[in-house]
Amino acid sequence: MSQIIDSLRQFWQFTGFANCEWQNIVMILIGACFITIAILKEWEPLLLVPIGFGMIIGNIPMFPGLNIGIYEDGSVMNILYQGVRQGWYPPLIFLGIGAMTDFSALISQPRLMLIGAAAQMGIFGAYLLALAFGFAPNEAGAIGIIGGADGPTAIFLSSKLAPDLMGAIAVSAYSYMALVPVIQRPIMLLLTTKKERLIEMPKPREVSQREKIIFPIIGFIMTAFIVPSGLPLLGMLFFGNLLKESGVTRRLAETARGPLIDIVTTLIGVTVGCSTQADKFLTGKSLMIFGLGLLSFVIATATGVCFVKLLNLVLPHGKKINPLIGNAGVSAVPDSARVSEIVGRESNPKNHLLMHAMAPNVAGVIGSAVAAGILLGFLG
Amino acid sequence: MSKRTILSFIAALSASISVLNAQNAVDLIISEVLVENRENIADDYGEHNGWIEIFNTSQGTVNFAGCFLTDDPGQPKKYMVPKGDLATKLGPRQTALFYASGKSERGTFHTNFTLKRGSTVYLISNDGRTVIDSIDIPEDLPADMSVSKAAFDAKEMDFVTLDEPSTPTPGSKNGSSSAETGSSRIQRTDPHGWVLTLTSVSVVFCALAILWIIFTYIGKLSAGKGGKGRTETASGKAKARRKGAPDAETAAAIALALDRECGGETYAAIAAALHLYLEGTVHDEESFVITIKRSEGSGWNAKGQTFRRLPR
């Protein structure tokens, strides 16, 4: 009998209940919160569900040494996590993004590319703030990239510059991407007048197939020559787009934007979630990262809108740009463009800004990849 | 194909493979040499010999098996690095250490010559002629001090021989700058981040401005080419709109797009629904009748607006 009791006592030591600490419970609750938001509100469900469940997986208290934890070499989760640590997943996701992105809006109105560049100030604003708060330059760069509003880019850069902060940075980036409508709308309304919000933009011209094919080739060569360190992201983004637009590689494009991106998104989501183990995640630094991440989104939105207002000072009448598409320079595709459309229609129900907003939106994707390349070049 | 051709092909293939094996050997340098070893690192036999350090400057693995080391330009094949030893594969930015013990029978990393002050050590390619790198040993090199090469450029690729003898660092990178990461360099030169910020913002703007200029030009070219055709198309479309029916080009484009996307019943249903819609016979009463409902304007997160859902 005593042997049975001893065995049970020993077994108890192996259970999660015996090893549980309050931090584990907090993280499991946060994970559950993510899943709830994703299901009830449908905010970025493709990411928040895997990340949320990954958080729960990663924070089940366990007996160390079983070789099952994400940070234990050779465990299944550790092997899957290498795609994040070594930066394999983000370029594969970019391949899919390229294969599902239509750059027509951008090609037809190339001047709107500059808005995508202006909104990258969110990255560098957060970088400056992070330095002021005492982060090392490599950490500040990784935190700043949250302002790019691009999850794969944030994971790619933070895995290279500050792997220890990657969990907090990834969760922060995806959380704020989900909250884009909540964050951006008040800033857009605050920074624009009623008259500005009513500006109607001319319909974009039609784009020929030839232009669509040339765009990824020229776009890649130019950006990669300027920032070779952004090669993995830019290369895959434009390659995916060429698969889509070439018209002769439909099967490859379908795979890239379908099964491939789904598989990689699932793996990246669950492993990033898993990496947020309480002892590594619940720190003062994580809280600061969340604060700086929010500020980076605010700065990016504000600079995008203000840049359009500045442009309008020099643009002739009839060619003025509605500043409500300035927020779309934040590369949360397509949520930020959708916010432009909704806020625009609130002022003028007949004014559809979505097509116009998609231009800075996809330019923002290119801009954030370029910015990541620059930061990697300087700080890597 | 004759046997002779096949044999020639195999011979050529083998030759190319052997050349390929060592083709990256040009990325190797002799990074450090110590001649008189009194208290420095001991070899596997516990002896203090002079040593030669080889450094792989590239980001790829280099196999230097078959290459030669010598201190006599008239005898370039003095010591051949044995083939078949996995240890001759040198990882990116890694070093290999050869003991100049004069006893090559002790293993791959023991040369058959010893080092002398005032001589030059050469690393020769596996062709036995091409000098990959060399380093001069000063006449006055003190004991337990080495002559070394270090890189001080941003990419750490341009290695120069240091003027002064240095404290030996066998098996690790040379020079103080090698230890400095990009982050620590920025911390030292730009602690508040303004320089990096302004530089980066300028580069992002430049990159996208170049694309803007190029695609404005391409757009104008494209518009110029189809000038007349486009006008005709526009007038045709206007005419078609007046009639209340799509013009032939639009109809053909829609048909082509539907056919290419997937065809079949789904798009037949869509076509039927569009027909009913255009005819004004849309209704919502009976079963088995296709209906198009107008969207009432949904929120940003409505299912119908999700861009990730692709048409099947």
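**Salt bridges, helices and chains**

Guide: Over all chains, the structure holds 16 salt bridges. This is a predicted model, in which local features need pLDDT of at least 70 and side-chain atom pairs count only at pLDDT 80 or more, while totals for chains, interfaces and linings use all residues. Residues are numbered from 1 along each chain as its sequence is written, chains are lettered from A and ligands numbered from 1 in the order in which they are written, and side-chain values use heavy atoms, with hydrogens and water left out.

Visitor: What makes the pair Glu346(A) and Arg185(A) a salt bridge?

Guide: A salt bridge requires a side-chain nitrogen of Lys or Arg within 4 Å of a carboxyl oxygen of Asp or Glu. The N to O distance between the side chains of Glu346(A) and Arg185(A) is 2.8 Å, so the pair is a salt bridge. Glu346(A) lies in helix α20 (residues 335-347) of chain A and Arg185(A) in helix α13 (residues 180-191) of chain A, and the pair, 161 residues apart, links distant parts of the chain. Helices (H or I, at least four residues) are DSSP runs, numbered from the N terminus.

Visitor: Why are α6(A) and α11(A) called roughly antiparallel?

Guide: Angles run from 0 to 180 degrees between N-to-C directions, and axes are lines fitted to C-alpha atoms, for helices over the stretch in contact. The axes of α6(A) (residues 89-100) and α11(A) (residues 151-161) cross at roughly 155 degrees and come within 9 Å. Angles over 145 degrees count as roughly antiparallel, so the name applies to α6(A) and α11(A).

Visitor: Which residues of α6(A) and α11(A) make the contact?

Guide: Contact means heavy atoms within 4.5 Å. Among the residues involved are Ile93(A) and Phe94(A) of α6(A), and Ile155(A) and Phe156(A) of α11(A).

Visitor: Why are α11(A) and α12(A) also described as roughly antiparallel?

Guide: The axes of α11(A) and α12(A) cross at roughly 165 degrees and come within 9 Å. The two helices are therefore roughly antiparallel to each other. Their contact includes Ile155(A) of α11(A) and Ile169(A) of α12(A).

Visitor: How many residues of chain B and chain A are in contact, and what area is buried between them?

Guide: In chain B, 45 residues are in contact with 59 residues of chain A. Buried area is the accessible area (1.4 Å probe) that two parts lose on being put together, summed over both. For chain B and chain A this is about 4500 Å², with 71% of it on carbon and sulfur atoms. Between chain B and chain A there are zero salt bridges.

Terms used:
Angles under 35 degrees count as roughly parallel, over 145 as roughly antiparallel, 65 to 115 as roughly perpendicular and the rest as oblique.
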